[in-house]
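Open the model in your viewer and keep the selection tool handy. We will go from stop to stop, and at each one you will hear what to select and what is there.

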Amino acid sequence: MDLKPYRDALALPGLRPLLLVAILARVPVAATAVAMTLHVLDMGHGYFAAGLVGAALTVGSALGAPLLGRLVDRRGLRPMLLLTTVVEALFWATAPVLPYPVLLSAAFVGGLLTLPVFSVVRQSVAVLVPPAQRRQAYALDSMSVELSFMIGPAGAVALATSVSPTLTMYAVGGGIVLAGLTLLVLNPPTRARDEETTPAQPLPRRQWLTPRLIGLLAGGAASTLVVAGIDVTLVAVLRNAGQVNWTGVVLALWASYSLVGGFTYGALSRPVPSLALTLLLGLVTIPIGLGSGDWWLLALVLLPSGALTAPTVAATADAVSRLAPASARGEAMGLHASAMVTGLALGAPLAGAVIDASAPAWGFAATGLLGALTALAVLPTELRHRGSDAAMATITPTAAPVPDSAPIRPSI
């Protein structure tokens, strides 16, 4: 395994501090759902009420991410960061004391203008890193996401149970505001120097939001749908087997598989197309229910899906960043974030409905099958465009091939 590409990528100016800030900024974001759930339960409401608040945050963020990305394309990064940081400060300062109906409405507004850490980091990676090294950079980014989600929710639970859910809400909010201020100071670039001459106004969507890009976004949504389905079904399977106390161990192992998979993906000599990774992720998820008898067996059969999680996210972000023009990259990465969030929002209730109607293990099969079928449905569009790219490269051999269109080194 060649580690030189990682060393070369980390040596690029600005990438190392960006990834460090990304980890720290994503920890409170990762803790948001758990903190909000525990707070609503502490108010005397049930899980359904807590789920509604989480859904309001999710829907708001899915709708807001492309709008905030378009704001970055038109006005620059700092105005968007200033707006969202102020809104986050207002929301988290008041959310712990709001009555439930007001909190539900405020959650949607807060989600609509939530700090888009994921989009900002991935957009900046596309600027800081040349195409030849972008795969390694996005692999590192995906691994940083795994680290954040290993730390954030566990920390929120520990603080809520040892102190109080209300204090946890303030701590999470303070962390998010601090993340916004840090990004304001860091001010990572959203356009390369050679892109400064491109029009200030983004291109019309019809010129860049092509069927190929829509297919990649659908594939990204399918991948997170599968991940969310695994997350919910895993808990249900262990609870049904009377081994719910092993849930934390199994989740930690699953996340560690993803870390290893993301690292391996970046070190490969040739990338793997993102839709192929989504298809594989869905296929290996279908039979996971066969290991639902014992926690250690379940942890073992989760290895393939875990190892494919971070690579799939990295490959999808890489592909979208390559297809998006510089003048619309912010909106495109916002759409990518929306697609990933939408997949997460759909996967959990789908798995839950299947589990309620049948047995826990079928949650794996249902979400895995849907993810695989989605990848298969959009794969022909990608193959058709890749064939056109290959033909164009053959017709014009003297032209330097675009890295993401070379048939022998697929990056999508």
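Begin by selecting Asn187, which lies in the loop between α9 and α10. Helices here are DSSP runs of H or I with at least four residues, and strands are E runs of at least two, numbered from the N terminus. Phi of Asn187 is near 50 degrees, a positive value in a residue other than glycine. Most residues other than glycine have a negative phi. Asn187 is partly exposed, with a relative accessible area of 31%; buried means under 20%, exposed over 50%, and partly exposed in between, with a 1.4 Å probe and protein chains only.

A word on what you are looking at: this is a predicted model, in which local features need pLDDT of at least 70 and side-chain atom pairs count only at pLDDT 80 or more, while totals for chains, interfaces and linings use all residues. Residues are numbered from 1 along each chain as its sequence is written, and side-chain values use heavy atoms, leaving out hydrogens and water.

Stay in the loop between α9 (165–186) and α10 (205–208) and select Thr190. Thr190 is buried, at a relative accessible area of 15%. Leaving aside neighbours within four places in sequence, show its contacts (heavy atoms within 4.5 Å): Val72, Leu77, Gln123, Val127 and Arg329.

Next, colour helix α2 (residues 15–30) together with α9: their axes are 8 Å apart and the packing angle is about 160 degrees. That makes α2 roughly antiparallel to α9. Axes are lines fitted to C-alpha atoms, for helices over the stretch in contact, and angles run from 0 to 180 degrees between N-to-C directions. Angles under 35 degrees count as roughly parallel, over 145 as roughly antiparallel, 65 to 115 as roughly perpendicular and the rest as oblique. The crossing of α2 past α9 is left-handed, meaning that the near helix is turned anticlockwise from the far one by less than a right angle; clockwise would be right-handed.

Which residues make the contact between α2 and α9? On α2, pick Pro17, Leu18, Val21, Ala25, Pro28 and Val29; on α9, pick Val172, Gly175, Ile176, Ala179, Thr182, Leu183 and Leu186. Buried residues of α2 include Leu15, Leu19 and Arg26. The buried residues of α2 pack against α1, α3 (32–42), α7 (117–128), α8 and α9.

Now move to α8 and select Ala137. Ala137 is buried, with a relative accessible area of 0%. Apart from neighbours within four places in sequence, Ala137 is in contact with Leu15, Val125 and Val129.

For the last stop, select helix α12 (residues 247–267) and helix α15 (residues 303–323), whose axes come within 7 Å and cross at roughly 50 degrees. That makes α12 oblique to α15. Here the crossing is right-handed. From α12, the contact is made by Trp254, Tyr257, Ser258, Gly261, Gly262 and Tyr265; among the α15 partners are Leu303, Thr309 and Pro311. Colour the contact of α12 with α15 by class and you will find nine nonpolar, six polar and no charged residues; Ala, Val, Leu, Ile, Met, Phe, Trp, Tyr, Cys and Pro count as nonpolar, Asp, Glu, Lys and Arg as charged, and the others, Gly among them, as polar. To finish, show the buried residues of α12, which pack against α1 (4–10), α8 (134–162), α11 (211–240), α13 (274–285), α14 (295–301) and α15.
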